[in-house]
Structure formats: structure tokens, C-alpha cells
Amino acid sequence: MASRTILRLKRLQQIYIPRNYHHHPILLPILQRYYSSAFATPTGSSKKSVPPEKASVPAASVQSPRWTPPPLCPGCGAPSQQIDASLPGYYSLKPRGAARIKQNRQIRIKENQLWEEALKRVEGDQNLLKELGVGNQVQEAEAQIQADELATGAPRKPVKVPEHLKKNEPTLICNRCHELIYHHHGPSLPAYPTLNTLSSLLLSSRHKHNHIYHLIDAADFPLSLRPELQKHLYKTLPKSITRNLTISYIITRCDLLLPKREQVASLMTYLKSTLRDFLPEDQKIESPYAKLHAISTRTGWDIGPLKEEISKRQGGVWFLGAVNVGKSTLLRDVWPMGGELRPVSLEDAAEFEILPEEDELEAGESVENETEACFNPTERVEEAEQQLGKILIQAQEMGNRRVPPPHVPPTVSDVPGTTAAPIRVSYKSVGRGGKYRGEVVDLPGLERWVGFQETGLMKYVRQNRRRALAMKSRVTPEQYSIKPGQSMLIGGLIMITPKTSHTVVLANPFTSISVHVSTTEKCRGFLSSPDPETALAPQPEYLFQDPASVGISVTPEEKGVNKRPTTTSLPPAFASAGVFTLRDDVTTKRNPMLQNNSPEQVAKLPYKVLATDILLEGIGWVELTAQVRNRIDTGFKPIEVEVFTPEGKGIGQRKTMSVYMTLEEGAWKRGLRKKTSRPMRSMKGQKKLRKYRGTRSISLG
């Protein structure tokens, strides 16, 4: 689809559309015929203009539509179109919401005028006024006006609406953005963008200097990182671009980690070391021109310094990251002063496959006629010149035209894949003179395990449970004990099973999904249940999986029956995501009562406390801890756990962050955890026991 769009653009490069009229509403039929989307800005056009004299049809015969959609959707960045409702940027033929109110305002004014004139005509007929249910409202209103004039000493002036309020019309978002904001669902995007898409955009960029902010989600840090980003760009782009290309990293949603900014700042050393483990050895994390930022748009942590840094940059500033990492939210908060929204070009929109198909544009015509028209560009150019002549005549007579709004925040939704096309914001660089300008580009999100509908993990989750996967706020963790022979179920989608026997594993899940601990056989049976809503009754919210997607056949007799499954095998869709070893020594962290925390004394202890963090991509993480025996001669045995997920994907491992013990230490300092003495020994049966012992000693004596 994208290749055909580019071919059509190359064939029509000689068509000139004036700069002031390329968003005109009359362009809709022409752009629907020659381009893949309506109200988009064709680039690469020549300087050939069409004089108005060549128009064969007078301007009076051209009628403007009743309402005009914006040239692009400011929420998702997609070009406006009225062809395919399943694609981004679709606007219905009739206006919605505020635009409909704006459209009917004149009708209401005329109705009120007719009503007032009718009342004035029958002002003297009191009987008729009573029959209409009006009574003496006219006389009472006139008396009130006269009383106000006598009290103030001046005639009452009508209230005037300021001119700037009259001109500022409400900006409409497309139907898809409206559904995402108010109904939390909408059509998915056709495909995920890739790093090749970023390379194509950088090749066609007009900026000499480019800086990429790679956003990483703190909920599964650092699974949303693309370690191959720099290597891929340096391999696919020419040296003239990579010479002035820099990359820095931003960790978003840091409020999910710890409640205070100072606590997150104390983790910067850990965050840098973890990033260094996942990135190539020859790649730097920070430089004088690219620093690591840990921010939170929800609480405003470090948003000000980042906004000041962006405003001083010149050239292109690109926001790159996976879906639902907070790119649009960050653009909303760091919108540069004086920034103006720029329309998306057809070449950029074609890179993301969001333009309608050719057969949808030429609906009503045969395939043969469409094919002949595609291979006859000369006739199409001549026909376009005639149509443009009509538009120029009509454009001179029409007054206010709808232009892209200067500042409209992008759509923010918890549904993955909200942004459909690059959202470009042009601004003037601070402290660099008038000729230096910058441009912030919010790119659509890259692929993620918890992504679009019917992709990744989403296709195995029931429709009514998909919203619960998103981690929106910080979770207060609970500690679960996984005993030998038991497993932990997370939402019926992830199962964690310790492989080492005779060891108790402590689990602290940092996720918004429900957690259930049971025997391994029961957990496998819950995963294979034909009706997850009744398998764990009375807790139906514990299991999210869709039985049909994971490979479980559901019969009408089994639906809705509270029956414990007897099978102990995993569903066909589940597979092992790997075996992970608890390798981080947290003995001093987990045992704050040690008097001597020196490494020599800790090495002599007869036990060790090991931990690790199991990452759940797009969902959160689980902190696992276990205590093992430390022998003098043989040391300690490692602890291993195995994780099962649909398709065996979406799981990672990192050095433990020890967030649970950090929160516990803060609770102790605030007095939320009080020391309790050993409880009193139970006295039940002690009287009989003493009596029995006394009689026995007498008999033995």
C-alpha cells in the first residue's frame, strides 16, 4: 500500500497546490481521487501555478460542504480522511460533538429570533399568551431591564463576545481518538513501525542536526530498550547524517518504582549499571550532550530541566520508544513555547501504512477504468489543473479557512498504539537567534509484548480484561511464600514454578494483575480451565486467559459450570520462557539486624539470601528471594525458577532492585511498622499437665 502511494505521488509531483489553500475544504474530491488520504500536505511539488482564468466552471457553481474537518487529527497525527472508518484519521460525514454545536448555532439563533418576533406580535393578547404558557414574561423582562437602567443610571448594553473567542473553534479529533479517550477501545493500527521506518524518516528529514530520545518504561525496565538502535542507524544511514546524530535515554513513569523523588534519585547508579549490562560494550550511556533522565509525567519529576534542554536544541528532536511508554504524554508536558503543529506529509503517512487502499478511493468505478487512469498521468494532470482553477476562484471568495491549530495536545490513552503518524511540533530554539529552529517529532510506538489487539499477549486475554494489564499507578506489594510443590499464577497468563526442592521462595509481585499461589497441579488445571471465570470462584478476576486462544475447547455444557479441572498438562499455547537463577546476594539487605555487615563476617554466615527480578514485559516485575544453606566446604546451591507464558515470550531478568526492602525501611522510619514482643505462651491445659506430673512423681517415689 505504501509503495503504490509513493508511485502516485511521483506521478503527480508537477501539480501545484498553493501554500495558503492546500487545506481548503474543496480539495476533498481531488485529494480523494489522486492521493491516498484527504486533507494531507503533498510534498515535493513544483512552483508551477494555475491561473484562475483557466477554470471552465464559474465559482458560483461550486458549493462548499457544510463542515470542514481539520487537515490532520491532532490527537494521533494521521491525515484526515472520510473513506475508511477502520483507519486512523477518519472523520464522519456529519460533525460530532462541539462541531455539531457550532454548526447548529445559527439555527438556534434564528429560532430564538422567530420566537421573539412572534411574542412581540401577540404582546397585547394576554389570553393567547396564557394559552402558549408564556404569561407576562415579556412585560416582566422589559420591567427588569428598565429597573436595571434606573439603578445604574445608564442604558443597558448588550453583552458582546470577544473576537478571539469567535474565531477559536473547537479542534476535532478523529473518530478513533474519540473512542480511545471515552470508550477505551478502537481499531488497531495496521502494523508496527520498525527501526527501518526511523531510518527512512531521518533520510527524508530537512534537519542537519538530529537528536533521538529513547524512552524506556520503568514498569519493566529495561525490557523496552532497543539495544541495536545505534548500530542499526549507523549501518543504514550515510555518514553525513550520523555525524550529527546523538542518542540519549529517558526512563519514564519512575513514580511506579518508589514514592519519592529522592528515592528514585538514589537509584541512578543502579539504573546506569543495568543499562550498561543490556547495551553493547562500546556504547556510552551518557555524554556531555546526552544525559540519562529519570522522569515522571504523572508527578512532574524532572520535567522542567528536560523541557529546558529540548527548547535549546536545534534541528530534529525525535521521541522513540515502544507502545505505552509515555511518548505522547511527554510531548504534552514539554510542548515548546511558541510551538506550532505541522501537518503530516503523505510520504510520512505511507511509512506507517495508515492510508486507504486505492480500491476504496475509486469506489464506484470499474477496475479496468482505474487501471487505465493510473497509467495515464498526462490526462490526470490536465484534469487536476482544471479542478484547481475552480478551487482558486472559490478560495478567493471564501474567508476564514480551517488551518492546523498551533497547540493541541496529543491523545493520551492507556490503549497501546494511540499515535498513528509522526506528530511534528515546530518551535524556535532558545538563545540561538531567529534562524535556528527546532522540531519535536513524536513517533508511533514500536512493537511490544503487550501491544495492539490480536498481537502478542493481547490475543490470549479476554476482551473485558485487557485494560487491567496496564500498570497505571504504583503498586503496594504483598509478600507470597511459594513452598515446595507450589507455583504462582499471575492473571492466569504467567506461571512461576521453583525447580529447587526443599526451598521456600518469597515473591513480591509489582503488578496490577491478581496473583494466586497454589500447588503446581492445580495451577496447570486453572490454566487449562474451559471457563476461567468460574474456575477460581468466588474470585473470577484472578484468571484473564481466553480458553479458545490458548487452545482449550469449550463446550456449551462446560460454560458457566463451577468445576475444578482435573488435567495437569499446560494448554497448547503455553511454553517455557526460560529457567532463571537467583544470583544476587542480598543477605545484608534482607537481614537488617546483623551487627557486623562487613564482607568478611557475611561470608562466614551459615546461610545466604539470594534474589533476582523477573521482568514481565509491559506488565511489571516480580522480586524473588530465597534463603539457602552456605556450607564451609561446598558453598551454597543455586536456586532456579521456571516461567511459563503464552508462546514462551515476554520474560526477562535483571539485577534485583530491592524495592520491597526499600519500602519496608521507609515504613519502619515513619513508624508504620512497630516492634512486637514474643507472644505469651498458651496456658491451655497447663493445670491438668501440672496435676498429671505431680501425681506421677508421687507414684514413682
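How many bridges join β9 and β12, and in which sense do the two strands pair? In this predicted model, β9 and β12 are paired in the antiparallel sense over five bridges, and within this region Ser487 stands opposite Ser518 in β12.

The two strands belong to an open sheet of five strands, ordered β12-β9-β10-β17-β13 with antiparallel pairing. Because β12 and β13 each have a single partner strand, they stand at the edges, and one side of each is left without a neighbour in the sheet. From one strand to the next, the twist averages 25 degrees.

Helix α20, which spans residues 520–527, lies across β9, β10, β12 and β13 and runs at about 125 degrees to β12. The buried residues of α20 are Thr520, Cys523, Gly525, Phe526 and Leu527, and these pack against the elements listed below.

| Element packed against by the buried residues of α20 | Residues |
|---|---|
| β9 | 486–490 |
| β10 | 494–498 |
| β12 | 515–519 |
| α21 | 532–535 |
| β13 | 574–582 |

On the α9 side the contact is made by Leu195, Asn196, Leu198, Ser199 and Leu202, while α10 contributes Leu229, His232, Leu233 and Thr236.

Key
Residues are numbered from 1 along each chain as its sequence is written. This is a predicted model: local features need pLDDT of at least 70, side-chain atom pairs count only at pLDDT 80 or more; totals for chains, interfaces and linings use all residues. Side-chain values use heavy atoms; hydrogens and water are left out. Contact means heavy atoms within 4.5 Å. Helices (H or I, at least four residues) and strands (E, at least two) are DSSP runs, numbered from the N terminus. Buried means under 20% relative accessible area, exposed over 50%, partly exposed in between (1.4 Å probe, protein chains only). Two strands pair if DSSP finds at least two bridges between them. Axes are lines fitted to C-alpha atoms, for helices over the stretch in contact, and angles run from 0 to 180 degrees between N-to-C directions.
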